[in-house]
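Subject: Structure handover

Hello,

Below is the structure for your files. My notes on it follow.

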Amino acid sequence: MNAVKQSENVTVGKVPLLINGEWVDSQTAQWRAVINPATQEVLAHVPLATAAEVNAAIETAHAAFASWRNTSIGSRMRIMLKFQALVRENMSRIAAVLTAEQGKTLPDAEGDIFRGLEVVEHACSVGTLQLGEFAENVAGGVDTYTLRQPIGVCAGITPFNFPAMIPLWMFPMAIVCGNTFVLKPSEQDPLSTMELVKLALDAGVPKGVLNVVHGGKEVVDALCTHKRVQAVSFVGSTSVGEHVYRLASEHGKRAQSMMGAKNHAVVLPDANRQQTLNALVGAGFGAAGQRCMATSVVVLVGTARDWVPDLVEKAHALKVNAGHEAKTDVGPVVSRAAKERVLKLIEEGVNAGAKLVLDGRQVKVAGYEEGNFIGPTIFTDVTTQMSVYTNEIFGPVLVVLGVDTLDDAIRLVNANPFGNGVGLFTQSGAAARKFQNEIDVGQVGINIPIPVPVPFFSFTGSRGSKLGDLGPYGKQVVQFYTQTKTVTARWFDDATVSDGVNTTISLR
Ligand code: NAD
């Protein structure tokens, strides 16, 4: 395998690490291929970094913190301004890399980058986000104020399904607050993430402030346990997220884990029929169902149960093809293993007695016979005990349940352990108000299928979909990436008369 060229070409051959501003060839013996899921072409090889390399990345981040934390807020914001301009300029180029390694359609890849870009734009206003508070004269001549100070080295571990957006949820906000960062992208599709990291360096992020290591469990565990790391942000599956949260917390770090989901869409019979069906099909099968906020369960209430044939018809009309082909609606799933897993779950649904009203298993894509394609698949007659309901399928599979009333639907959703996203489709304001009040899910859409908040709010998944109080991006993550120091100060001038020694706690 050829040695990697330096920074001009981080997406061919071997994927480098980034340590102290240098693109570094890993010395590891363990590499895995980055594979185009539509063609099986090997795009690059990614290292599973050695313990020494991970340690070097963390130590370099620690060393860089001393000067970065004292860099003015204005300078940090200007780097983010430059970074957002570069990301915008390079969006279509990076989208092509993202589609090649991840599989989603080109427009959806641009959306992946754009939703991350919005976080970078928000990072440009950190001057106001990081303001402290001031109270004058809290006691005679005494003032109290708070400083929101950076915490040091932060680490981020990201999943395969949004290789642009999720790294951009993490490192821009962490570093603009004055921290340094070690990023561990998904080893399945690190190439578009690396393109964004390169642009961050081009924008002026100094040496050591942003570092990248690649790998799997061993690298993640090293980040969660290293004494220099102060905070760990994780986005990915529930089992790994629970492990990361526990391990990092046990080692005294701040931790936040955004995890798996089973997102329900509740449809009342008074909903706008065409708008609702379009939303369900788009949110169920877009990105081949590999979004943490994908609609994966449709709950049809009352006479809305009659809408199944229309739902099937619309889903059947979607075009399955390679993501870079024009007019593709549904690309391949990320890997052969992911495809096998989804097919196994579909098989389990059939064996458990669910009715397969649309079967995408035999889909063939001309010219891409080796691709990991699964066509849109819909089950009805699903019960809450079936594995197609209890598992996050993370593929283009919708399960449909029917209930009699809105109360039944709310009970059903609230009994599911996940709490990432939920949607209600209705034209009744009263029903919507009741739903938003009683539903126990962190992100609620009213006639919106994928209610991911824009970055001046925060991502607010709940219950089994999240560990940690604070979400990624937005105001919450400024809290996560800073610590509040309270200063209580009193200044004397020469004319101040001493009031003598006081051994009593203040009564005022
Ligand atoms: P994953 O958990 O397999 O991988 C996520 C990260 O953890 C990767 O960087 C991976 O290298 C690392 N990892 C994998 N196995 C590990 C182990 N045993 N120990 C330590 N680290 C390990 O997740 P994925 O398949 O890449 O992503 C899909 C999952 O992410 C889905 O469950 C999806 O719902 C979830 N997700 C959640 C959100 C959210 O905001 N809640 C957003 C996107 C994705």
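In which helix do Glu438 and Lys434 both lie, and how many residues apart are they? Both lie in helix H15, four residues apart, about one turn of the helix. Helices (H or I, at least four residues) and strands (E, at least two) are DSSP runs, numbered from the N terminus.

First, the conventions. This is a predicted model, in which local features need pLDDT of at least 70 and side-chain atom pairs count only at pLDDT 80 or more, while totals for chains, interfaces and linings use all residues. Residues are numbered from 1 along each chain as its sequence is written, and side-chain values use heavy atoms, with hydrogens and water left out.

Helix H15

H15 spans residues 429–438. The side chains of Glu438 and Lys434 form a salt bridge at 3.3 Å, N to O; the term stands for a side-chain nitrogen of Lys or Arg within 4 Å of a carboxyl oxygen of Asp or Glu. An α-helix has 3.6 residues a turn, so residues three or four places apart point the same way. Glu438 is partly exposed at 36% relative accessible area, and Lys434 is partly exposed at 27%. On this scale buried means under 20% relative accessible area, exposed over 50%, and partly exposed in between (1.4 Å probe, protein chains only). Leaving aside residues up to four places away in sequence, Glu438 touches Asp407, Ile410 and Asn414, where contact means heavy atoms within 4.5 Å.

Domains and their interface

The domain assignment gives domain 1 (17–22 + 50–259 + 465–486) and domain 2 (263–446); such bounds come from an automatic or database assignment. Their C-alpha centres lie 32 Å apart. In the interface, 15 residues of domain 1 are in contact with 16 residues of domain 2. The two domains bury about 1300 Å² between them, 56% of it on carbon and sulfur atoms. Buried area here is the accessible area (1.4 Å probe) that two parts lose on being put together, summed over both. Within domain 1, Thr105, Phe160 and Ser465 lose the most area to domain 2, together 33% of what that side buries.

The rule finds one salt bridge across this interface. Asp108 and Arg291 meet in a salt bridge at 2.9 Å, N to O. Helix H3 (91–102) and helix H4 (106–123) each supply at least two residues of the domain 1 side that touches domain 2. H3 gives the most to that side, with three residues.

Other salt bridges

A search of the whole structure finds 20 salt bridges. One of them joins the side chains of Arg228 and Glu59 at 3.0 Å, N to O. This pair links distant parts of the chain, with Arg228 in the loop between H8 and E10 and Glu59 in helix H1, 169 residues apart. Arg228 is partly exposed at 26%, and Glu59 is partly exposed at 26%.

Arg88 forms a salt bridge with Glu121, the closest N and O atoms being 2.3 Å apart. Here too distant parts of the chain are linked: Arg88 is in helix H2 (residues 73–89) and Glu121 in helix H4, 33 residues apart. Arg88 is partly exposed at 41%, as is Glu121 at 30%.

Helix H8

In helix H8 (residues 217–225), Val219, Val220, Asp221, Leu223 and Cys224 are buried. What covers them includes helix H1 (51–68), strand E7 (153–157), strand E8 (180–184), strand E10 (229–235) and helix H9 (238–250).

Regards
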